[in-house]
Amino acid sequence: MSKLEIIDLHVSVETEDGPKEILKGVTLTINSGETHAIMGPNGSGKSTLAYSIAGHPRYAVTGGSVTLDGEDVLAMSVDERARAGLFLAMQYPVEVPGVSVSNFLRTAKTAIDGEAPKLRTWVKEVNAALEDLDLDTTFAQRSVNEGFSGGEKKRHEIAQLELLAPKMAILDETDSGLDIDALKTVSDGVNRFAEGGEKGVLLITHYTRILRYIKPDFVHVFVDGKIAEEGGPELADQLEAEGYERFLKAAAV
Amino acid sequence: MTVTAESVSNALELDKVESHLHPEGSFDLADHAVPTGREEVWRFTPLKRLHGIHADAPLDGDGFTVDVVAADGVRAETVGADHELRGRSGLIPRDRVSARAWAAARNVFLVDVPAELETGATNVTFTGTGGESAVAGHVVVRVGAHAKATVVLTFVGSATLAENVEIILGDGAHLTLVTLQDWDDDAVHHATHHALVGRDADLKHVAVSFGGDVVRHDTSTEYAGPGGSVNMLGLYFADAGQHIEHRLFVDHTAPKTKSHVVYKGALQGDGAHTVWIGNVLIRKVAEGIETYEENRNLVLTDGARADSVPNLEIETGEIAGAGHASATGRFDDEQLFYLRSRGISEAEARRLVVHGFFTDLIRQIELPELEEKLAATVEAELAKNVLKGLI
Ligand SMILES: Nc1ncnc2c1ncn2[C@@H]1O[C@H](COP(=O)(O)OP(=O)(O)OP(=O)(O)O)[C@@H](O)[C@H]1O
Ligand SMILES: [Mg+2]
């Protein structure tokens, strides 16, 4: 049983005109076994929330707290957070030239488990994870994300999710840029992960499309750096029908 | 000797070009004034640290031991300075150090690969024994027509060396020539390489510089006939206070020739300085050629400086392709973040990024023994600075 608890989180970024507040008090609790969807318009701060939890240096936390099973996440370095059990599937995965996927995965797995994986079973596991995501096993020899298509990058993120098996997965628009087949493949991967037991998922998305394949237990509407409304899966249907209009107007008032 | 060199360049029947890219060569010392440091070709070089080899310091030292492991059928030995192959590459000293070394060399180290022989690597290790006087060196590597060979010149120990290296490829010959500078910290190495690439011949020229106080290599190539191809690869790692300079000049003197240049360097520590000058001249006769040159530098700490200057001079409109790229950057924070977000420690992430930076290049060398050695050397360099305090 794990719990990721975000309380009144305030986050700023440094801009030319000084610091600008992006997150304006976000409170959210995710227990293992739960899938939460965060939906919101462009620029509402969804990625900022994801990056802040992962510890990206560009974002300065100015208030509030984030804890994982009571441990202060904000006091941890980026890699400590990952080793504590957090995983961020990025909206724009980064290319690392010259570092092979296989070397990268083995290094990450070793870091997270505190010991090197058994060579024989590991190679099989990696190949299986890649194939599950419709990635040819030759991807293992390629440089991390280099020359991958947008969809391949997203599928590679989910392959990592399955191999690294964190406690909490934050998926930042993993669905965007995917065709329908890839969307199903990716959703299957996330569902396998979630069903692995004791796992929490925070699914950030702009569209309701992915929610046909991944069933959220909770839906949060994110507007202007805050959660504007919360509910069950029915809230997603409502958004699909009405769009974000109502919330944007409410936020503007 | 002089006569031979001139007859080779005459045989090429080239128009004289007023190229700003390279000064006219000359064997006559009087044509090479003592540089002041203001000259274009000297402006980056710390003359004060050259132990006077650019001025008048004697070049009469002999502080080297030479170890040779020659491949079957390859002749690799010291011969007289009057050897008939000396000067056959068309090397004409372009600066005072080269001209002085030419005049002062008392013998020649010759590596001669007979025509049509296909053979493995010949390794020649020059160990500087730290003598008082500077040394004039002369190396000739000749690969006969349709032969295939690898020659690795390794420099270790301590010395002040002014060196000329001539590389001659017969028609259809293949050569991988590696010059590996793994000097002690106080060494000074000024080298002038010149390659003459035969018709349809293929030269892979690899320069690796790690050690030494000042290492300045000036490498030029010309083509004796159409269809020749040159692949120049360079890898360097400069530490605090080190000056590593590579000046390249590819002279496309024949049609349908190719040149591909990739140099990559990492710098760390106060006063680490690297210079890369990539000059390519495409002459009027050189129709249908292809050229690409690239230099990338990774600045790992504050206080280090990389200069990078690509130059392309084109005198014919009929070329198949020409391009260049030059970039100098620091650690990419996004790359480090991505790796660390997967649990990888900061030290390990930095290590991966730097190895990754060099990996493609090391692979292109295609010499497995060297590949391992280079990876290990990169690792040792990183331990000095970038990973200090992190592991
Ligand atoms: N360095 C910065 N300078 C100025 N504004 C910034 C900076 N970084 C982020 N922002 C702003 O913060 C806001 C939130 O950005 P964020 O990427 O979190 O939005 P998002 O909800 O993920 O949007 P999308 O749906 O487009 O991915 C945006 O308005 C963005 O322009
Ligand atoms: Mg976003």
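**Where chains A and B meet**

Across the interface of chain B and chain A, eleven residue pairs are in polar contact, both partners at pLDDT 80 or more. The model you are looking at is predicted, so keep that in mind as we walk through it. On the side of chain B that touches chain A, the elements giving two or more residues are α3 (333–340) and α4 (346–365) of chain B. Of the elements there, α4(B) gives the most, with eight residues.

Now let's take in both sides of the contact. Chain A brings 34 residues to it and chain B brings 19 residues. Together the two chains bury about 2000 Å², with 65% of that area on carbon and sulfur atoms. Look for Phe337(B), Tyr338(B) and Arg342(B): they supply 40% of the area that chain B buries against chain A, more than any other three residues. Charges meet here too, as three salt bridges are found across the interface. Between Arg58(A) and Glu334(B), the side chains form a salt bridge at 3.3 Å, N to O.

Ser47(A) counts as buried because its relative accessibility is 19%, under the 20% cut-off. Gln91(A), at 14% relative accessibility, counts as buried as well.

Notes
Residues are numbered from 1 along each chain as its sequence is written. Chains are lettered from A and ligands numbered from 1 in the order in which they are written. This is a predicted model: local features need pLDDT of at least 70, side-chain atom pairs count only at pLDDT 80 or more; totals for chains, interfaces and linings use all residues. Side-chain values use heavy atoms; hydrogens and water are left out. Buried means under 20% relative accessible area, exposed over 50%, partly exposed in between (1.4 Å probe, protein chains only). Contact means heavy atoms within 4.5 Å. Buried area is the accessible area (1.4 Å probe) that two parts lose on being put together, summed over both. A salt bridge is a side-chain nitrogen of Lys or Arg within 4 Å of a carboxyl oxygen of Asp or Glu. A polar contact is a pair of N or O atoms within 3.5 Å; within protein, one must be able to donate a hydrogen and the other to accept it, and residues adjacent in sequence count only if both atoms are side-chain atoms. Helices (H or I, at least four residues) and strands (E, at least two) are DSSP runs, numbered from the N terminus.
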